[in-house]
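Me: I would like to learn how to read a structure such as this one, feature by feature, with the general idea before the particular case. Could we go through it together?

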Amino acid sequence: MHYYVTLTTKCNLKCVYCYGKAIEDIDSDFGGYEVDYSIPSEIAYGIDDLKRFLSRDPDATLVFYGGEPLLRIDKMKTIMDEVQAKRYILQTNGILLDRLEPKYANRLHTILVSIDGDEETTDRNRGRGTYRKVVENVNLLRRRGFKGEVIARMTINENVDVERQVKWLLFNEDCPFTSIHWQLDALFGKKDFERRNFKEWSEKVYNPQIRRLVGFWISHMERYGEVLRLYPFVGVMKSILTGESTKLRCGAGWTFFNIQTDGKLTPCPVMAGMKDFYLGDIFSTEPQKIRKVYVSSPCTECDLYSLCGGRCLYANVTKLWGERGFKLVCKTVENLIYTLKEAAPKVRKLIAEGKVSYSDFNYPKYNSCEIIP
Ligand code: SF4
Ligand code: SF4
């Protein structure tokens, strides 16, 4: 099983789509669900409790998460010293990465670093100086011997030109990222829907850019025989090629769980404190007996379900933008999936010609990339 270990809910940045939204939505409800606001801001259970819980799961992947997890480097290192896991992953804003000694950093399987593209774009969303510090730190990580995957994790909204910024991150010499994943800034808050014109932006800007990016991704394969590791494309194309159908691709609630700071288990960190989705706790629940929770309507009746997987459990249960807003986001999923389906014959031809291979579309599932943006 896979577990987010939320080390702290505090953060050292104030990004517009996270901090800004939290302020804007301070008095909003979460789709009518009761939320426990008394959860401690710092990890408050004993490492022995975590150790005991995970000793019954020989296949555990731990993802250190926050807030900003590196604000609790001490706890992270203690866990890596004392708690056995198959893989450790870190999801970070990258600002404090230089403080993590190679002895620990180099044991991480994957590091996901938040960055939205070039300096101007990243700093506009995440604060002045963020881009430089993050890029410096990731380069340092490489110089210190980190060999694993470093995924640039972008948040896409009207401030980010996804086509241009993905290319920037892929080909800029400064940027030592091996892969890119992005997620739409959509359905996380309640009040931003009225303020933004998501419909117009997604139809006129985002969806056409995704279609062009898929075209570029395929041309790159044709020209260089390389499958660029753009997670939303690789993950969906893999399913199209193999004919597999998928459950919720982020894994939340069925193979991925969040250990919130008081030791209770929720499907994912975004659902921390949502009492209806408490699935057990590390003190008394066996890993194999964690209550499972799955997306429901409208995803389960949707024609795209077997490839989409339901996109996001949190969005599915809260529907913070109402039915209309939810459907608008589904249109972006439809655009992504249909564009990739249309491109699949070209990929199959490239495979038949030996230019790329099926294995180029393999990726470690449930590594904290949601696949569907
Ligand atoms: S496209 Fe929308 S309704 Fe369909 S499965 Fe995905 S999230 Fe659910
Ligand atoms: S996609 Fe939704 S359910 Fe999955 S991890 Fe992200 S917020 Fe949680």
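Reply: Let us begin with contacts, where two residues are in contact if their C-beta atoms, placed from the backbone, lie within 7 Å. In the chain, among contacts between residues at least 6 apart in sequence, 77% join residues at least 24 apart. Please keep in mind that this is a predicted model, in which local features need pLDDT of at least 70 and side-chain atom pairs count only at pLDDT 80 or more, while totals for chains, interfaces and linings use all residues. Residues are numbered from 1 along each chain as its sequence is written, and chains are lettered from A and ligands numbered from 1 in the order in which they are written.

Me: How many helices and strands are there in the chain, and what is its radius of gyration?

Reply: Helices (H or I, at least four residues) and strands (E, at least two) are DSSP runs, numbered from the N terminus. By that reading the chain has 13 helices and nine strands. The radius of gyration, taken over C-alpha atoms, is judged against a globule rule of 2.2 Å times the number of residues to the power 0.38. For the chain it is 20 Å, close to the 21 Å that the rule gives for 373 residues, so the chain is as compact as a globular protein of that length. The C-alpha trace spans about 55 × 50 × 40 Å along its principal axes.

Me: In what order do the strands of the sheet lie?

Reply: Strands of a sheet pair through backbone hydrogen bonds, either parallel or antiparallel. Here two strands pair if DSSP finds at least two bridges between them. The nine strands form an open sheet with mixed pairing, in the order β6-β5-β4-β3-β2-β1-β7-β8-β9. Its edge strands, β6 (179–184) and β9 (280–281), each pair on one side only.

Me: Which strands pair with β1, and over how many bridges?

Reply: β1 pairs with β2 in the parallel sense over five bridges, and H2 has T61 as its bridge partner in β2. Four bridges join β1 to β7 (residues 256–259), again running parallel, with V5 opposite I259. Moving on from β2 (residues 61–65), four bridges join that strand to β3 (residues 87–92), and the two run parallel; the bridge partner of T61 in β3 is R87.

Me: Is strand β1 buried or exposed?

Reply: A residue is buried if 20 or more other C-beta atoms lie within 10 Å of its own, exposed if 12 or fewer, and partly exposed in between, with C-beta atoms placed from the backbone. In a regular strand the side chains alternate between the two faces of the sheet. Five of the five residues of β1 (residues 2–6) are buried, so this strand is largely enclosed by the rest of the structure. Both faces are covered, with H2, Y4 and T6 buried on one side and Y3 and V5 on the other. Of the 373 residues of the chain, 43% count as buried.

Me: Which residues of helix α2 are buried?

Reply: An α-helix has 3.6 residues a turn, so residues three or four places apart point the same way. In α2 (residues 47–54) the buried residues are L50, F53 and L54. Seen down the axis of α2, they fall within an arc of 90° (taken over the directions from the helix axis to the C-beta atoms), so they line one face of the helix. These buried residues pack against α3 (73–82).

Me: Which residues surround ligand 1?

Reply: A residue is near a molecule if its C-beta atom, placed from the backbone, lies within 6 Å of it. Ligand 1 is surrounded by P298, C299, C302, L304, Y305, C308, G310, R311, C330 and V333. The elements that give two or more residues to this shell are α11 (305–308) and α13 (322–352). For the classes, Ala, Val, Leu, Ile, Met, Phe, Trp, Tyr, Cys and Pro count as nonpolar, Asp, Glu, Lys and Arg as charged, and the others, Gly among them, as polar. The shell of ligand 1 then has eight nonpolar, one polar and one charged residues.
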